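Hi there,

Here is the structure I promised to pass on to you.

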Amino acid sequence: MLDAIRRRLTELSHGPAMGAPALLVADALDEARDPFPIAALLRDLATDGVRLLIGTRPSPLAGVAGGGRPADGGGHVDLLEALGSATGHARVLTLAPDPSAARDYAERNVRGILREHPAGDDAWHEAVAGTVADAVEAHVRTGSWQFLQAALVVQEIGQRPGVLSPGPDGRTALGQMLERDQSGIFGAAVQRITTGLPTAEPLLRALAYAHGRGLPLADGIWARAAAGIAGADAPFDDDQVGLFLNRAAAYVLVDGEDRRSVFRLAHRTHTEQLLGDGTPDRRYEMLLALLDLAAAQAGAGQPLSPHLATRLAEYAADCGAPGWSALAERPAVVDRLPPASLSALALTPGPGTGTAPTDLPIEVLGTVASAHLIKESEPDDRPGLRQLGGLRAAGRTHDAGPGAAWEVAWGRVRRVPLHLRLGGADTVVTTLVTRPESAWLVTGSLDGSVMAWEPWREHHPTLLLSGCESPVTALAALGSTAPPTGNADTGGGDGDGRGGARGPGLLAVAHDDRTLQLWDTDADLGTGIAAERPEPHTTSTVEVVRVMAAVPDGTRRFVVAGEAGYLALLGPDGTLSQPGEAISAGDVVGLVTLPGPQDAPLVVVAYRSGLLGLWEVGGAVPAPVHRTSSRTALAGLVCVSGPTGADRLITVTDDGRLAQWRVSTGDDGPAIVADPDGPPPGVHSADPVLAALPTAEHGAVPVVGDRQGSVRVVRPTAAPGRPAFLETSTGSRAITAIGALRGPQGGSVLVTAAQRDSTVHFWDPSAAAPAGDAPTGRGPSIRDLRPHVSADGTETLVVTERSAGRTTVRVLRASDGAELNVPAPAGEAAPEDAPLPEGAYDLHSRTVGCVALGAPAAPARPARLRATAGREGAVVVWREEPSSGWRPVRRIPLGSPCTRLAPLPSGPLAVATDDGLVVLRLNPAVREGDGGGTEETHG
């Protein structure tokens, strides 16, 4: 699109006025639905042949148009910066109020109204036009009005020309109108619009509460939303809405979204005023009305209206915990919402409402926990996957609701705190890089591929880079120099006015074959089109690079370091400096870059041997400045800033002990010294991974992951007797990388990668539990699984578990998983596997079993079914067809490697996985026919 617009502008600049640059005029940029992407587009259009004239306020309306949830925290980047105000190629003209222009505008328009609606004689016309003009000029001169209010007064006079009559009633009404403040003028307009029309006020308020570009008339959405606010039993009819639009024409505009016309308030001031006197009850009643409409559409087997599908979760989040509960009461609606937007909102579910992720109902928790499985599954898989996610997030089951191809009858799986899990890589994620102020991350994989993600925008990578097949060992990014963009759909993204780079920008990638590649991602972030991407700069190193960091001096260089003490500088053109003089033969395990004296950048280097080195990196080759010993082997290094902005260095040892350091700048030059405040407490974790998490209260704090899958956040001001850490877990696999990025509603979200895991995990650290309270670590592994029918006819499941060197045999009731206090049956062997259907090896990475499935009671025509499972974490159901033999009819992704299968006589299937046991009940959609197609609309 950008190239097409640029070509058209070039044609205009070479048209009849040859040599004259084309002039592109854009106004009210701050009122746009997506102001930052539009600012980026406009800035990119500015060339030698194109000039731009843009009218805008410095900042857009917070949140979404129509009154989104308030944004919190974080840095601020205004629209002027996004347009290039600091580049030297733009001029900013600040327009001060012009009382004389406002006077002329008001006087001219009042005279026009009097020509259409004569009142009094010519002398009265002069007097009343002068009265209005004098009042407008005085208000604008004192700053109590802006031009908007002058225009509103003129509009209101046009709607009520009787106020210009010479009689006492007219004079009184005009005087009251001219005496009003900014809010009073719009309030008077609302009073006029609503007089005698009770539907008008809720129709206006619904527009103020709206998310997106506005509310559509289609499918009765606006009418139902307003009726909900009014407490009406039925939606407003078209005649009522039409009458309202006639009265409020000056205050309501038509826009477009999802290829439909939508209505919105004409100015953000109107929105702000209506939001200011709104109540939570009105928002909630509007939500209920929209939920009922969505439930009716779902119950009729229809897809949700586009506005409902994309915005219902936002309306629920506006209402806090009651809103989420109301949404959860309609599981068929939950199962039709896009997991991407639902997950982004659920991670930070209610800024300003006091709602925490732990307050969310199980239906929402389950959808988020299974989001990575839902995006590749079929529509009728969603209820079962929601149940499975709820089992993992909350430790209990809930109803599947209508439309389920299969259900979770019960399960006993390891609980994992609520987090979002996303996959896109075909192989294990080996490393990642983030920036705390930005909402993107980059991951590197075992197959050498590199992926850029904007997780609050969509659940698929936005950029794929593949220039080397060797595993990625390290990543570093400068951050994009392009203007920030926004994700208004989720209330987040880099364009919501809170700062952050648009993307990774210049990206350095280290591979295990001793190559470095330098990619410029600014050219095509979000396109993923390889044909448009320049080739990377590639160079070789003498050692494998394990850590990298950007040099903070504006030179677009990186410090690269790795095995055997290797340290060098990588330039923006891919040139590699000579390595610095080795001061340790130990591998480098951490880098921190800092500004030094006289703007000479420094880098602190942590070595496996326990040495800490300080280097000056402003020149062509790193130069050692100072060294000190920690007297113990080190595993990582990170910089954290305190509440006052002072930088502290945190090191971690192989067993998880933390130490605190700082760089002093005395007369003898910079040096690394132990911090006199003392080290933070140790976490005592094996194979730790260290990162920093920004917080609002304490600056940045250390975060430590370990080989048990636990992640601990240091609490620098823990009360006496309270745990010094907050703890969570994203599974049982060893943590290999941690980063922090800006959350969908501000604040910080942690992201982790784990050993032998092709996904990345996102979680809100505010939902972490005090150390010892969180479900972390590995649970028992299931070594044997076999069905058994007791003497009284009760179906049971005999489970043999192994944990901490001990073997335990449990007898569970097959109907609900309750443990029975009976001895395990002896001498029974597990049933033999059925023959594998042809093609099973193509559907599983490694098959772990094949069983024949029993039929439920009194089947009409029992179909012959088999189930296979594999270590990739999926169960495949096969049905025998008379003409074609065995064929797969359903793939059920479980998200955890499968280990064993056991069919129960009454029909359910027990599946043992690495994280526990789950019993599935297949519904007729699977037993008797095919399911639906892949659910493309929920990614």
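Below is what I found about its salt bridges.

Please keep in mind that this is a predicted model. It holds 41 salt bridges, and I picked out a few for you to find on screen.

Start with Arg111 and Glu126, which form a salt bridge with their closest N and O atoms 2.7 Å apart. Arg111 sits in helix H4 (residues 99-116) and Glu126 in helix H5 (residues 122-142), so this pair ties together parts that are 15 residues apart in sequence. Arg111 is partly exposed, at 25% relative accessibility, and Glu126 is partly exposed too, at 46%.

Next, go to Arg386 and Asp335, another salt bridge, where the closest N and O atoms are 2.7 Å apart. Here the partners come from distant parts of the chain, 51 residues apart: Arg386 belongs to helix H20 (residues 382-394), while Asp335 is in the loop between helix H16 (331-334) and helix H17 (339-347). Are these two buried or exposed? Arg386 is buried, with a relative accessible area of 0%, and Asp335 is buried at 7%.

Then try Glu819 and Arg412, whose side chains meet in a salt bridge at 4.0 Å, N to O. Glu819 lies in the loop between strand E37 (806-813) and helix H21 (840-843), and Arg412 in strand E6 (residues 406-413), so the pair ties together parts that are 407 residues apart in sequence. Glu819 is partly exposed at 43% relative accessibility, as is Arg412 at 36%.

Enjoy exploring!

Note on methods. Residues numbered from 1 in each chain as written. Predicted model: local features only at pLDDT ≥ 70, side-chain atom pairs only at ≥ 80, totals over all residues. Heavy atoms only, no water. Helix = DSSP H or I, 4+ residues; strand = E, 2+ residues; numbered from the N terminus. Buried < 20%, exposed > 50% of the residue type's maximum accessible area, 1.4 Å probe, protein only.
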